[in-house]
Every structure is written in C-alpha cells, then in structure tokens.
Amino acid sequence: MPLILPGNSRLIDRRLFLSGVAGVSAAAALAAAPATKADAATTPARSKDDPFTLGVASGDPTPSGVVLWTRLAPKPFEPNGGMPPGHPVVEWRVATDAGMRNVVQGGSAHAPAQLGHSVHVEVEGLEPDSEYFYEFKFRNHWSPVGRTKTLPAPGADVRQLDFAFASCQKWDDGFFPSYRHMAAEELDFVVHLGDYVYEYEISADGGLRRTPVPAAAQPAPQTLEQWRARYALYKSDPDLQAAHARFPFIVTWDDHEVQNDYAGGWEGQTQAFTAVRAAAYMAYYEHQPLRARSLPQGTGMQLYRRLRYGRLAQLDVLDGRQYRDAPPCGWGEAQACEAAYDPSISMLGPEQEQWLYAGLRDSDVRWNILGNNVMVSRLDHDGAAGELLWHDAWDGFPAARKRLLDVIAGPAVRNAVFVTGDWHSTFVNDVHLDFDRPDSPVVATEFVGTSISSNGDVPVYGPYYEPMIGFNPHIKFFDGDRRGYVRCQVTPERWRTELRMATAVGTRSAGQYTHAVFEVEDGTPGAVRVS
C-alpha cells in the first residue's frame, strides 16, 4: 500500500529538470539547469490547496537510478490543473527508509507550464537492486511517500524476478480493485502494456462507477487541455495511485491513448488527426514516469527501449502502434490477403525492427521478455470456412511477424516470452515459427492479460471468442469474462504465471483470486498449466 508520511529533513542541492517546451505540435527539447534562489522567489503565491492530487510515481529503473514523477494540479479539472503560468520549483528527495530519515539524494526541479506542471526527475547514483523511498515538496505541501527499486547490476547472478503486467483500464467501465490488490504484492516492477486511458466521451454519471464526472473530463479529448483532464480523471483513482506509489512502472501504449485502432505510420492521416495525436502524445509524456529522451518531438515520441535484469532477464518494451503501416487487408476483422506478405509492410517500423533484432541476437540472458501491445499469435475466426482474422493485431502483419519469429528461433535467443495486453481477455499461447504451417516448431510463449476494468462485469468477449478457440490448437487457455492482471515469477529454472482476477469491478472493494497458474520450463517454449 502507499506510504503517506511527512518529511522534514533538509534537501541536498542537486541539478534539476527544466523544460524548454514551447508548444504542443512543435515541442522542443528538455534541458537540465540548476534552480536558483531567484527561481524560488518568483514562483506564484502560496496555494492553500494540495498540489499532489494526482499522486506520485517512479519508472524506467536502471541499476543506478530511476525516474521520479509527479504533477502539480491543485485543481486538476481546471485549466493548467489550477496552477498559474510559469515553471515553479519542486523539491524532491530520496531515502533508504520509509520515514525519510536517511536521505541519500535530493534536489530541486522545475515543473514547467509547457509540460502541464509535471516533474520528471532522473535520479542517478543509487545502489543496484535496492529499495528506496521518495517524496516531493511544493511550498508547504509534502507529497505522499513513494517506494521504488533499482535493477540489479548487468552481470549480477540474479535468482528471481517478480513483476506484474496490466493493460486496458477504461475508467467508466469500472473501478480498479486489481491495483489495490497489486499494491499488496511484493514486486520488482510493473509493466503497463497500453490503453492507460480511453479516448471516448464519458457520461456525466460515470458509467459503471456511478460517480459524477467533472465537465472538463467528459468530452472525447481533442486538445491538450482535454487530454490533461482525461488523465487527471484516471490518475485521481486512489488504487491506481497506490500501485504507482508502490512500484516502478515501465509503460508503453496501444491505440486508445490516441484513437481506436489507429496506425501511426499511415500516411492517410488528416491534419486534424495529426493535431490530436500530437496533443495525446504530449499528455501521455506529462503523466508517465518517462525519461527526457521520450519527450515528444512534433508528432513522434521515443518509447521503445530495453531494460536488463542482471543475467536473468532482458525486457524489450515495444511500440507497436506509432510506426505501423495501415493493415493491408483491411481494418479490423477481415479475410487474410497476399498484400500482408509484402516484406515492406511493418508493425514496428524498420528502425525499431533492427533495434529489436540486434538486441535479441546480442542477448546473453536466460529469459527474453517482449512487452507487446497486441496479440502475436494467430486467432483464426472461422476455421476451414476461410481465413477471417483480426487485422489490428499481428495477424494483420504476417510477414513482419515471421521476420521477428525467425530471429527468436535463432540460436542466440533463449526463452522468448511475450507479455501482451489489448484483448480484455486472457490467452496462453504456443507461438509457432510460422502460423501458416501449424506443424512448425513452437519457438516462444505468449501470455495475453485481461483488462483492469474494460468491458466491466458484462460477459462480452467470452461468448464471442469461445467458439473460435477450437480452430486454434496453439491456444492452450482462454478466458474472456474476467478482469484482473498477471503476476510473473522468473527464476533461472522456470517462469511462473499467475492469473490474478477481481471478483468484480462494479465495486471498489471487490476481492481477488488466482484463476489459473502456468509454468514454462527453461529451454522448453510453451506453457503448462499447473493449477
């Protein structure tokens, strides 16, 4: 659970984070600069309201550091979060104890208006594989205390990794009880695989939550201010705040952070859509614990990246949305076609593909984890009647999928496991080298997690997809009607996946249970159910 403790130690002067962003579509670079006494003296008059209404977070850990995040928003549904213009100074500190008595790092950072008064502090000089606590101060207000953890040293002989992954948390489809339960776990980090927010209009009554929605957060967001209000609505959820305050998050996106099923590399986008996309990308950066290298540049944003967990695991975080071509065979559900086998068609874009392939070939870890936004494995909808597929997933990009799987099947890549979001359903899949040849070898394992709340407590995808599962013998498990997250424990000998399910999302106090457990043995792709 989040630790909410006051702090009173003096801060150590350090360098800070200063933004030089001059707009949305033409966002410029972020630069580091020291905060001076003049900066502090010229900040706006003291506010009586708590500026930390959206909580705190950490993310993208390394063996020596981590990103610390917050956003000043005393009135989160007013323009600029209720903050006046400028770039006020926020103090921060890091300690080895929850009481914030043994402070080991600290400093000041600007919270520029051009970034929604968000703060992204890149802390360095920490010890590997160590737990830390952090907090922020703005004037006379202290933030909640967050907990974070660094990664082991690259060559460390690590015996265990514990992490969870989640996706798809439509606010008006239900509460987030899974995050409350997740916050009680012992985890090294959380991977969020997309659909952190949804872009649809929200009714004033809050949908399944039956909670009034501020007017600013109701419209389908088009402008940066509207996107900020949408994120503020989600970030105000206490259970999401609890998970962020407890663990470092490693995030990527899918489609609903911009528009349903969009293809970022498609050249047929309108000028209006391009503007919405630029605003959406900026708001995403402003509300996630991301490094400065991810600051949006125009309509682009660097999001794919690699993290290493000692000699045990490598996590490649993929961006399967920003660079993809338009699906050649049609949008959504459509029959397969030859055009999708054109080698020029890409899901990840040429640059990301080459980065990924090189990193996999150079990998010397026991487990290679691919954080992936949409399902890799085939889902044949109609069996012998045709080749009806869902083309927003990797099924719409078979040539690109085959290129990736050819690399994974190579001798250098050990134990490839895809962790996947998007489907509001749970799948456990054997990943074949060539899904056009069902007898081709299994080269990887895929775990597709269900949603945190999307689709609520109404059976939707279970009745829809269940008749299709028999056409797909590589799908070893399917469940379409439960909400939750996936907990993974990785050791040199085996991978263990536990499906954590909420009893309901129509109430915040819902319970949790483990629906099924699967294991993957070192050197043997494919999961086996053990419980």
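Me: Why does Cys488 count as buried?
Reply: Its relative accessibility is 0%, and buried means under 20% relative accessible area, while exposed means over 50% and partly exposed lies in between (1.4 Å probe, protein chains only). Cys488 therefore counts as buried. Keep in mind that this is a predicted model, in which local features need pLDDT of at least 70 and side-chain atom pairs count only at pLDDT 80 or more, while totals for chains, interfaces and linings use all residues. Residues are numbered from 1 along each chain as its sequence is written, and side-chain values use heavy atoms, with hydrogens and water left out.

Me: How do you know whether Cys168 has a bond to another cysteine?
Reply: A disulfide here is a pair of cysteine sulfur atoms within 2.5 Å. The cysteine sulfur closest to that of Cys168 belongs to Cys488 and is 16 Å away, so it is too far for a bond. Cys168 is itself buried, at a relative accessible area of 1%.

Me: Then what makes Cys329 and Cys337 a disulfide?
Reply: Their sulfur atoms are 2.0 Å apart, inside the 2.5 Å cut-off. A search of the whole structure finds one disulfide.

Me: Why is that disulfide of Cys329 and Cys337 given a hand, and which one?
Reply: The torsion about the S-S bond is about -95°, so the disulfide is left-handed.

Me: What makes strand S15 largely enclosed?
Reply: Helices (H or I, at least four residues) and strands (E, at least two) are DSSP runs, numbered from the N terminus. S15 covers residues 313–317, and five of its five residues are buried, so the rest of the structure largely encloses it. Ala313, Leu315 and Val317 point one way, with Gln314 and Asp316 pointing the other way.

Me: How do you know which strands pair with S15?
Reply: Two strands pair if DSSP finds at least two bridges between them. Strand S14 (residues 305–309) is joined to S15 by five bridges and runs antiparallel to it, with Leu307 as the bridge partner of Leu315. S15 and S17 also share five bridges, but run parallel, and there Val317 stands opposite Gly371. S14 and S15 form a hairpin with three residues between them, and Gly310 in the turn has a positive phi of about 60°.

Me: Why is helix H7 called largely enclosed?
Reply: Eight of its 11 residues (398–408) are buried, so the rest of the structure largely encloses it. Among them are Arg401, Leu404 and Ile408. The cover over the buried residues includes helix H6 (350–361) and strands S17 (367–372) and S19 (416–420), where contact means heavy atoms within 4.5 Å.

Me: What makes S7 and S26 the edges of the open sheet?
Reply: The sheet has 10 strands in the order S7-S4-S3-S13-S12-S11-S23-S24-S25-S26, with mixed pairing. S7 (118–123) and S26 (528–529) each have a single partner strand, so one side of each is left without a neighbour in the sheet. Further in, four bridges join S11 (residues 161–166) to S12 (residues 189–192), running parallel, and Phe165 stands opposite Val191.

Me: What makes Ile202 buried, and what does it touch?
Reply: Ile202 lies in the loop between S12 and helix H3 (224–235). Its relative accessibility is 2%, so it counts as buried. Not counting residues up to four places away in sequence, it touches residues including Asp172, Val213 and Leu233.

Me: How do you know how compact the protein is, with its eight helices and 26 strands?
Reply: Those elements make up its secondary structure. The radius of gyration, taken over C-alpha atoms, is set against a globule rule of 2.2 Å times the number of residues to the power 0.38. The protein comes to 22 Å, close to the 24 Å that the rule gives for 531 residues, so it is as compact as a globular protein of that length. Buried residues make up 61% of the 531, and the C-alpha trace spans about 70 × 50 × 45 Å along its principal axes.
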